[in-house]
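Dear colleague,

Please find the structure below, handed over for your review.

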Amino acid sequence: MPTMASVLEDPTLERHFKGHKDAVTCTDFNPNRKQLASGSVDKSLMIWNLAPKARAFRYVGHQDLITGVQFSPSGHLVATSSKDRTVRLWTPTMKGESTVFKAHTAPVRSVAFSHDGQRLVTASDDKSVKVWSVHRQCFVYSLTQHTNWVRCARFSPDGRLIASCGDDRTVRLWDTSTKHCINCFTDSAESATFVGFNSSGTCIASSGADSSLKIWDLRTNKLIQHYQVHSAGINSFSFHPSNNFLISGSSDSTVKILDLVEGRLIYTLHGHKGAVITVTFSRSGDQFASGGADGQVLMWRTNFDRKSYQDVLQQHSRRSTPDPAPHLTDIHPRTPHLHRQQPSGIQISPAVTDTQSIDPDVIEFGQSVHSTTNDIAAVFISVTKQACMCVKVFVCQRRCSGVTVHRRVDDVCLRVVPGLNGPGREPPSAFPSALRPFFHPIALMGPGVGGRGKKGKKERGREMQMACGGYVGG
């Protein structure tokens with residue numbers, strides 16, 4: 001029997017990103033459509049540049065796992081929340097600077113910008129929701145009626161409301177002008193794990209550890225849809241900008257795609273080994289990302305949103321065998337009812353790895369809070385008998401630390417910055433722009449540094465120590 005999904009184009013795995021050393025807990029697309037951010041249990045923030053063969057940046061500063069990440073509406077800032085009880089506001093540049101926000105007294109579980117970019121909202125295990133000023137970089141006020149850990153908080157598109165949920169099994173709606181809780185939805189069987197507004201701000205959805213997903217209409221304050229399509233708790237979900245679709249990630253290792261207009265499951269995606277902890281649509285909806293316990297970030301091409309619903313309805317009307325009758329309770333006015341998993345949902349398992357991904361070069365930035373220290377860089381090239389080149393960039397501030405740029409091709413590690421062939425040469429285009437001014441002074445140190453002169457290993461090592469102002473190891 002033809003299904004809704006057969007009318008639409010199937011989603012496809014476009015790229016995968018490997019660089020985290022532990023589970024991926026959160027993801028977000030830059031509104032400029034050029035970057036994807038992810039946070040991890042490994043305490044690092046990764047910025048993946050979506051251009052082919054572009055470098056990825058790793059930012060280190062949090063003292064415990066990162067729980068939430070979001071780009072500002074302008075795309076010039078990135079906010080992260082952490083189990084270390086802090087929120088950081090990053091400038092995702094080569095300097096790797098961040099500002100630390102402190103007010104919570106327990107792990108911070110989520111962070112989100114208001115749609116004008118002027119405020120942040122955070123949720124914490126200290127049972128509070130806090131609002132911060134981005135411009136003044138300070139705490140503004142708390143919302144404190146939850147009676148257990150708060151898992152997630154989000155602004156409405158117009159900024160007038162905040163939705164929050166937590167382990168007290170409630171979803172609360174707050175008025176940002178009066179700071180009062182104006183509604184409380186309490187029919188969760190277990191902890192409420194995630195909450196979010198649709199793009200028009202007319203509905204909110206919440207997910208639970210009981211594997212349920214519920215959608216409320218804020219104009220009537222009534223539950224209008226209830227899905228039970230996962231076999232384990234739901235960790236994250238995201239509305240498509242059109243409000244016609246929703247994706248969810250679960251501890252059952254799958255990503256599910258729901259058609260909210262027809263009220264049915266249309267796709268199940270199998271790509272992760274282990275729990276899927278985070279899912280998010282891009283701002284335009286043409287892509288979505290998922291991350292999980294396997295440490296991978298998968299980027300998918302949506303595809304199924306390409307056809308307009310007028311085209312879909314026309315194709316439906318031409319079918320010889322109609323679809324099953326709709327739920328009577330879907331006919332206006334709607335009443336709360338359960339949508340069971342439909343067997344017509346298409347199972348997608350990418351058996352063949354996508355061909356567009358190679359593990360990108362990763363440049364790591366150490367902790368820097370309001371740092372204005374001038375970086376001093378030196379480059380050392382050693383050529384092994386296996387013709388494997390390793391470029392180490394040594395960044396010296398208070399102490400020297402090493403950074404190795406890696407590229408893996410067909411399981412052979414070519415640790416190289418192409419085109420760096422010796423002293424007196426121009427720095428290659430792939431060389432980080434922030435380090436280009438230091439290239440010539442180092443390259444002109446003599447042929448020993450380039451690996452072509454007659455100087456021994458010890459002498460070349462001394463030159464490297466002099467270039468960095470001290471011992472750099474390596």
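Gln287 is buried, at a relative accessible area of 10% (buried means under 20%, with a 1.4 Å probe and protein chains only). This residue lies in strand β27, residues 287-292 (strands are DSSP runs of E, at least two residues, numbered from the N terminus). The side chains of Gln287 and Glu14 are joined by a polar contact of 2.8 Å (a pair of N or O atoms within 3.5 Å, one able to donate a hydrogen and the other to accept it; residues adjacent in sequence count only if both atoms are side-chain atoms).

This is a predicted model, in which local features need pLDDT of at least 70 and side-chain atom pairs pLDDT 80 or more, while totals for chains, interfaces and linings use all residues. Residues are numbered from 1 along each chain as its sequence is written, and side-chain values use heavy atoms, without hydrogens and water.

The largest nonpolar core comprises 29 residues, and Val171, Ile204, Ile215 and Leu246 have the most contacts inside it (such a core is a set of buried Ala, Val, Leu, Ile, Met, Phe, Trp, Tyr and Cys residues joined through side-chain atoms within 4.5 Å). Strands β15, β16, β18, β19, β20, β21 and β22 each supply at least two residues of this core. Of these, β18 gives the most, with four residues. Another core, of 14 residues, lies apart from it and includes Phe281 and Trp300. Both Phe281 and Trp300 are among the residues that Gln287 touches (contact means heavy atoms within 4.5 Å).

Yours sincerely

Terms used: Buried < 20%, exposed > 50% of the residue type's maximum accessible area, 1.4 Å probe, protein only. Lists of a residue's contacts leave out its neighbours within four places in sequence.
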